Amino acid sequence: MKKWWLSLLIGCLLVGCSQKQEPTVELTVSAASSLQEAMQEIAADFMELYPNVKVQLNFGGSNVLKTQIVEGFDVDLFLSANFKQYDELVQLGKIEVGSLFATNRVVIVTNNDQVQSVYDLAKPNLQVVLANESVPIGQYAASIIDSIDENQPGFKAAIDQNIVSREENVRQVLMKITLNEGDAAFVYQTDLTPDVNDQVTVIYLPNEYDVISEYYMGIIKQNEVKKEAEQLYEYILSDAGQEVLKSYGYE
């Protein structure tokens, strides 16, 4: 009888040891709205490689995400749709290490046959949707409009008359166009996912006004940076991570 209990005890201990797993580590990633589909796939691939890591994705306008970090939100990795928001965190000493990781292109989307080029946005009674200038796509749109206005005085004033709404992020801007609540808007080419392509017409900017947006990411400085945050950072920069980004139109 004693031998039976001893064998059972040893067996349980062996099974327990063989099933021991690393503790689950949670990572919070705050990423620009335009990165949604790409980062969902990257996060899924990463968690398959590292089963003990759970990646929580938080999407929003880069300015909103930056403010959350400044206010003390628990974030491990920040991915911005421009350099400005990233650099502000660098200047505040919030970034442990960072890098440029992708580029994107600004385009126009429309559901109105009257819009054949960027210049048509100034046509009377056209409904233009823009993002707030506090977010990257809003800043890029303002820069494009200002540049055209320098060569065609009155262009900016005409567009100002046509603006029907300003949205918090690029996904909200795009939604307005797909719901026919506006005629045209500036978005990123990567926002043109298969479910959107058949709802809008894409118009590319003339070379002289073409804008390439640069995406930066940084590991947020903490008392102890998680090694898993460093692993995800490196994974995004790796060939595997870059291939996913390219498949969604990033350059």
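Predicted model: local features only at pLDDT ≥ 70, side-chain atom pairs only at ≥ 80, totals over all residues.
**Entry 1: helix H4 and what sits before it**

I started at Asn82, which is in the loop between strand E3 (77–80) and helix H4 (83–91). Is Asn82 buried or exposed? I got a relative accessibility of 4%, so Asn82 counts as buried, the cut-off being under 20%. Leaving out residues up to four places away in sequence, I found Asn82 touching Pro136, Gln139, Tyr140, Glu214 and Tyr216. Asn82 also caps the N-terminal end of H4, with a side-chain oxygen 3.3 Å from the backbone nitrogen of Gln85.

Next I went along the helix. Gln85, Tyr86 and Leu89 are buried in H4. Looking down the axis of H4, I see these buried residues within an arc of 100 degrees, so they line one face of the helix. I reminded myself that an α-helix has 3.6 residues a turn, so residues three or four places apart point the same way. What do the buried residues of H4 pack against? My list has helix H3 (62–70), E3, strand E4 (95–110), helix H5 (136–151) and strand E9 (212–220). Just past H4 I noted Gly93, with a positive phi of about 75 degrees.

**Entry 2: helix H7**

I picked Val170, in helix H7 (residues 170–178). Its relative accessible area is 4%, so I wrote Val170 down as buried. Which residues does Val170 touch, not counting those up to four places away in sequence? They are Ser33, Ser34, Ile137, Val187, Tyr188 and Asp191. I also checked Gly138: it is 32 residues from Val170 in sequence, but their C-alpha atoms are 8.2 Å apart in space.

For H7 as a whole, I have Val170, Arg171, Val173, Leu174, Ile177 and Thr178 as buried. Down the axis of H7, the buried residues fall within an arc of 155 degrees, so they line one face of this helix. At the start of H7, a side-chain oxygen of Asn169 comes to within 3.1 Å of the backbone nitrogen of Arg171. After H7 comes Asn180, where I read a positive phi near 60 degrees.

**Entry 3: H9 against H10**

Last, I looked at how helix H9 (residues 227–237) packs with helix H10 (residues 239–247): the angle is about 60 degrees and the axes are 4 Å apart. That angle makes H9 oblique to H10. From H9, Tyr235, Ile236 and Leu237 meet Asp239, Ala240, Gly241, Gln242 and Leu245 of H10. Sorting this contact by class, I have five nonpolar, two polar and one charged residues.

Conventions:
Residues numbered from 1 in each chain as written. Heavy atoms only, no water. Helix = DSSP H or I, 4+ residues; strand = E, 2+ residues; numbered from the N terminus. Buried < 20%, exposed > 50% of the residue type's maximum accessible area, 1.4 Å probe, protein only. Contact = heavy atoms within 4.5 Å. Axes fitted to C-alpha atoms, helices over the stretch in contact; angles between N-to-C directions. Parallel < 35°, antiparallel > 145°, perpendicular 65-115°, else oblique. Nonpolar A, V, L, I, M, F, W, Y, C, P; charged D, E, K, R; others polar. Arc of directions from axis to C-beta. Polar contact = N/O pair within 3.5 Å; in protein donor to acceptor, adjacent residues only side chain to side chain.
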